[in-house]
Amino acid sequence: MPVTPFKSIHPAAQPSPVPAMLLAAGRGERMRPLTDTCPKPLLPVQGKPLMQWHLEALQRGGCQQVVINTAWLEDLIVQTFNGLFGIQPLWNKREQLSNSYKMTLQYSTEGRDFGAALETAGGICRALPLLFPPTDGVGRGVFWVLAADVFTPGFVFSSDAVERFAASGKLAHLWLVPNPAHNPRGDFGLDAATGLALNLPKDDPQPRYTYCTIGLYHRNLFAPPWCDVVPGNSQGVKAALAPLLRAAMDQGRVSAELYAGAWTDVGTPERLAQLNA
């Protein structure tokens, strides 16, 4: 599937000091038969692969490094995007093209390495050495995490959000959305006064919201006492993310905010068709 050339980047964008992880390893069972021959992140939405919308948004925010985890039909994803994304036109044609607006892509090939996806936390642990190479140190340990199978064309990966999160001492900051029809009970609560995400009991009457699968994370969430999977996950341990988040919420270590922009979990052929109508 050809990649639509990226046409522009906001001239005020500054290179982001933090990397991003794009989750693209899922099988997409509910999207079958479409995903029998095409990985879900490559399904076309309004003329380009679904995950390309995220890559373009990350680049507009100045991100320079993205790690993509893959499993199902992973070679197609790698062949589509390769290792460098976004050769933009010059703002000033008298200047040479700056490398600062190119975005490098690396792949954590869970399918090739382990035969299947490692779930979200397992996949992140596997990718940590790519996100934070030992020779480069760990910096602030902050990175974006986002799922490749949602459509959020207006989301801004802002450096201001990164700075606020880095200064907060939290382990994660989540963007929540009003509950869609397919998730009426939501995922997490939100304390408007403190900005903390809440791990509400099932019988709690407070409103819950749906995690939109975009968040800022600190690598310490993927280490003891929160996570027992070793960095690099050389054994291919499968581990879910929600238990880590809920444990950290119980200690007041996860913040959140509501996102009011357009958002779609592209989880069924029907939802994909609606976006392309």
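Visitor: Which strand do five bridges join to S9, and do the two run parallel or antiparallel?

Guide: Strand S13 (residues 254-258); S9 and S13 run parallel. Strands pair here if DSSP finds at least two bridges between them. Helices (H or I, at least four residues) and strands (E, at least two) are DSSP runs, numbered from the N terminus. This is a predicted model: local features need pLDDT of at least 70, side-chain atom pairs count only at pLDDT 80 or more, and totals for chains, interfaces and linings use all residues. Residues are numbered from 1 along each chain as its sequence is written, and side-chain values use heavy atoms, leaving out hydrogens and water.

Visitor: What is the bridge partner of Ala 172 in S13?

Guide: Val 254.

Visitor: And how do S9 and S12 pair?

Guide: In the antiparallel sense, over five bridges. Leu 174 has Gly 215 as its bridge partner in S12.

Visitor: How many residues of S9 are buried?

Guide: Six of its six. Buried means under 20% relative accessible area, exposed over 50%, partly exposed in between (1.4 Å probe, protein chains only). Ala 172, Leu 174 and Leu 176 point one way. His 173, Trp 175 and Val 177 point the other way.

Visitor: Switching to H5. Which residues are buried there?

Guide: Ala 161, Val 162 and Phe 165. They line one face of the helix, because they fall within an arc of 100° seen down the axis of H5. The arc is taken from the directions from the helix axis to the C-beta atoms.

Visitor: What is exposed on the other side of H5?

Guide: Asp 160, Arg 164 and Ala 167.

Visitor: Which strands do the buried residues of H5 pack against?

Guide: S7 (142-147), S9 (172-177) and S12 (210-218). Contact means heavy atoms within 4.5 Å.
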